[in-house]
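Subject: Handover of a structure

Hello,

Here is the structure I said I would pass on.

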Amino acid sequence: MGEDAAFAALLKANIERPAVAQVQRANSDKTDNSEAKEKEPAEAHGQPAVDSDAENKPSVIRRHPIWIAVIVLALIGVGGAAYFVWLIFFHPYETTDDAFVEARSFSVAAKVSGYVAEISATDNQHLEAGARIASIEPRDYQIALDQADAQVASANAAIINAQAQIEVAKASIDEARAQQSSADAALQFARDEAARQKELVTGGAGSLQTSQQADLNLRQAQATYTQSGASITSAVKNKNAAEAQKASAEASLKQAEAQRETAVQNLNYTTVTTAQPGRVVRLSGSKGQFIQSGQAIAMFVPDDIWVTANFKETQLADMRPGQPVDLVIDAYPGHQLHGKVVSVQPGSGTAFSLLPAENATGNYVKVTQRVPVKIAVDEWPKNVAIGPGMSVVPTVTVRPRN
């Protein structure tokens with residue numbers, strides 16, 4: 001009985017299975033037909049058909065979460081590295097292309113007039129201190145020096161003569177004083193003799209004639225004494241006059257010496273020399289040319305040069321003297337120069353111009369001002385010519401790199 005029941009169930013299943021497959025196949029055909037019908041109107045209106053599988057497809061982030069996380073982390077790392085590069089290598093610097101080489105150039109002029117005898121220098125030549133640039137014919141100034149020497153000699157002779165007169169006057173004074181002393185002794189003797197003769201006449205022992213002779217001798221002695229005093233006075237006055245002549249001669253000597261010094265200086269000025277090392281530029285003097293006193297014959301550029309960089313006022317917040325500077329000269333980009341900030345001008349460039357801006361008048365438009373900054377270069381290159389006006393690009397390290 002059990003076997004019969006199992007066989008009957010298996011037979012029933014084999015009979016029902018084809019029917020179920022036919023029903024499922026029919027349902028599938030209906031579904032495909034309905035989807036085709038749904039797609040046909042969309043394609044008829046020019047719209048693409050919607051794929052249900054594409055709608056149910058997961059996003060890229062869900063499909064590749066690890067790679068997306070790696071890419072995000074890489075972008076964050078690159079951004080952080082770029083920030084630190086900017087912070088370390090770009091942020092500490094201030095630079096400008098409004099910078100130029102400057103020097104205190106001046107004109108070389110002759111102090112005396114005359115004909116140019118020789119030009120010893122040439123254009124753009126480098127000269128050391130004391131080197132000769134040009135020479136002026138010195139003959140006229142040599143004659144003036146000889147005349148000054150003669151005046152000095154004459155003044156010296158006048159001084160010697162006055163000194164001799166002073167010595168003579170001193171001897172005359174000594175002689176007059178000696179005579180006065182002798183006259184004083186004779187006067188005293190005459191007084192005593194006259195007094196004795198008067199006493200003798202009064203006592204009746206002497207004669208009147210002798211008394212009168214004694215009085216006469218007294219008066220003569222008094223006259224002699226007075227004359228000796230006058231001689232002393234005259235000798236003293238002669239001495240004073242001789243001393244005055246000596247003082248005048250000494251003054252004449254000083255004047256003659258000053259004239260001689262002037263002649264010596266003028267003779268030295270006939271040679272035009274350099275006061276400091278530098279280069280001669282724009283040489284205009286020529287041999288045989290007559291030049292006036294103060295006339296320029298060349299321009300001179302000293303070796304003492306520096307860089308003036310006109311930074312914007314917004315770049316000066318952290319700029320201080322002593323900060324290191326890297327410089328590149330436009331004419332010689334291959335020469336890397338180094339220096340330091342010397343000073344920052346206390347005011348903008350327009351404030352010290354010939355016609356400064358008057359911001360208190362008219363309409364005002366704010367413009368970022370530029371402030372000159374002086375930069376000293378540690379060592380200028382020796383194999384190239386560098387002078388005022390050449391463009392430089394300085395880069396100042398305003399903050400230390402940590």
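The notes below go from the whole chain to single residues.

This is a predicted model, in which local features need pLDDT of at least 70 and side-chain atom pairs count only at pLDDT 80 or more, while totals for chains, interfaces and linings use all residues. Residues are numbered from 1 along each chain as its sequence is written, and side-chain values use heavy atoms, with hydrogens and water left out.

The chain as a whole

The protein chain has six helices and 15 strands. Helices (H or I, at least four residues) and strands (E, at least two) are DSSP runs, numbered from the N terminus. Of the 402 residues of the chain, 24% count as buried. Buried means under 20% relative accessible area, exposed means over 50%, and partly exposed lies in between, with a 1.4 Å probe and protein chains only. A contact means heavy atoms within 4.5 Å. Among contacts between residues at least 6 apart in sequence, 78% join residues at least 24 apart.

The cores

A nonpolar core is a set of buried Ala, Val, Leu, Ile, Met, Phe, Trp, Tyr and Cys residues joined through side-chain atoms within 4.5 Å. The largest one has 26 residues, and Val307, Leu327, Trp380 and Ile386 have the most contacts inside it. Strands that each supply at least two residues of this core include strand 2 (99–103), strand 11 (305–312), strand 12 (324–329) and strand 13 (336–344).

Not counting residues up to four places away in sequence, Leu327 touches several residues, including Val307, Leu337, Ile375, Val377 and Val392. Thr397 is in strand 15. Its relative accessibility is 16%, so Thr397 counts as buried. Leaving aside neighbours within four places in sequence, Thr397 is in contact with Pro92, Tyr93, Gln323 and Pro324.

The largest pocket

The search for pockets used a 1 Å grid over the protein atoms alone; a pocket is an open set of points where a 1.4 Å probe fits, with protein on both sides within 12 Å along at least five of seven lines, and lining residues have an atom within 4 Å of a point. The largest pocket has a volume of about 390 Å³. Grid points are joined across faces, edges and corners, and a volume is the space filled by probe spheres set on the points.

The pocket is lined by 15 residues, of which His126, Arg279, Asp303, Ile305 and Ile386 lie nearest its centre. Nine of the lining residues are nonpolar, three polar and three charged. Here Ala, Val, Leu, Ile, Met, Phe, Trp, Tyr, Cys and Pro count as nonpolar, Asp, Glu, Lys and Arg as charged, and the others, Gly among them, as polar. Strand 8 (278–281) and strand 10 (296–302) each supply at least two residues of the lining.

Aromatic pairs

Rings of Phe, Tyr and Trp (its six-membered ring) pair if their centres lie within 6.5 Å; planes under 30 degrees apart count as stacked, over 60 as edge-to-face and the rest as tilted. By this rule there are two aromatic pairs. Phe106 and Phe300 form a tilted pair, 5.4 Å centre to centre, with 40° between the planes. Phe106 is in strand 3 (residues 106–109) and Phe300 in strand 10, 194 residues apart. Phe106 counts as partly exposed at 32% relative accessibility, whereas Phe300 counts as buried at 1%.

The rings of Tyr115 and Phe290 have centres 5.0 Å apart and planes at 65°, so this pair is edge-to-face. Tyr115 lies in strand 4 (residues 114–119) and Phe290 in strand 9 (residues 290–291), so the pair ties together parts that are 175 residues apart in sequence. Phe290 is partly exposed, with a relative accessible area of 38%.

Two backbone angles

Most residues other than glycine have a negative phi. Asn124 has a positive phi, near 65°, and is found in the loop between strand 4 and strand 5 (125–127). Arg282 also has a positive phi, of about 50°, and sits in the loop between strand 8 and strand 9. Arg282 is exposed, with a relative accessible area of 68%.

Regards
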